[in-house]
Amino acid sequence: MSGDRMAFRDGFLSGDLAKLGDVRLAGSRCRACGIALFGRRLRCENCSSPALDHVSFADTGSIHSYTVQRYPPPQPNACPEPWLPRPLAWIDLDDCGPRILGPIRCNPDDAEIGGRVHLVCGVGWIDQASGAEVIDYAFEMDKRI
Ligand SMILES: [Zn+2]
């Protein structure tokens with residue numbers, strides 16, 4: 001927790017939560033098999049090795065696949081009003097990062113498999129117990145040149 005902000009889950013974000021542009025997705029990389037895991041782990045999910053490095057991942061990646069999410073997630077998620085369908089994608093983070101699931105902030109017609117995206121962190125909801133802003137993540141499509 002950083003001031004009046006907290007990560008959506010411990011071990012999944014790194015950086016100063018007061019500076020959202022500096023926040024990165026975090027996790028572990030196995031020294032035995034090399035796999036990257038979203039979220040800090042104690043053992044590798046692939047080979048069970050305890051030899052893990054805790055790392056921050058690239059804030060860019062590409063869309064492996066996606067679907068269109070037509071219904072808003074349940075409370076306490078803060079959602080745009082009115083709700084508009086959005087792409088929900090499997091994203092391969094650059095630099096051999098993990099494949100993770102995340103929403104893309106764009107019109108579903110603008111998403112495409114192989115499309116380039118970048119991370120955007122923001123306030124997802126307010127923690128009911130502490131009143132803290134809970135920081136979560138999404139992606140935006142890179143502008144085509
Ligand atoms: Zn491993």
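How many bridges join strand β9 (residues 116-126) to β10, and do the two run parallel or antiparallel? The legends below take up this and other views. This is a predicted model, in which local features need pLDDT of at least 70, side-chain atom pairs count only at pLDDT 80 or more, and totals for chains, interfaces and linings use all residues. Residues are numbered from 1 along each chain as its sequence is written.

**View 1. The whole chain.** The chain has 0 helices and 10 strands. Helices (H or I, at least four residues) and strands (E, at least two) are DSSP runs, numbered from the N terminus. The C-alpha trace spans about 45 × 40 × 25 Å along its principal axes. A compact globule of 145 residues would have a radius of gyration near 15 Å; the chain has 16 Å, which agrees. That radius is taken over C-alpha atoms, and the globule rule is 2.2 Å times the number of residues to the power 0.38.

**View 2. Strands β9 and β10.** β9 and β10 run antiparallel, joined by 9 bridges. Two strands pair if DSSP finds at least two bridges between them. V120 stands opposite A138 in β10. The two strands form a hairpin with 6 residues between them. In the turn, G131 has a positive phi of about 80 degrees.

**View 3. Strands β1 and β10.** β1 (residues 5-7) pairs with β10 (residues 133-141) in the parallel sense, over 3 bridges. R5 has E133 as its bridge partner in β10.

**View 4. The largest nonpolar core.** This core has 21 residues. Such a core is a set of buried Ala, Val, Leu, Ile, Met, Phe, Trp, Tyr and Cys residues joined through C-beta atoms within 7 Å. A residue is buried if 20 or more other C-beta atoms lie within 10 Å of its own, exposed if 12 or fewer, and partly exposed in between; C-beta atoms are placed from the backbone. L25, I63, A89, I91 and I135 have the most contacts inside the core. Two residues are in contact if their C-beta atoms, placed from the backbone, lie within 7 Å. The largest share of the core, 4 residues, comes from β10. Beyond its neighbours within four places in sequence, I135 contacts residues including R5, L17, V23 and C121.

**View 5. The loop between β7 and β8.** D95 lies in the loop between β7 (86-93) and β8 (99-103). C96 is in the loop between β7 and β8. D95 has a positive phi of about 60 degrees although it is not a glycine. Phi of C96 is positive too, near 60 degrees. Most residues other than glycine have a negative phi. D95 is exposed, with 10 other C-beta atoms within 10 Å. C96 is exposed, with 12.
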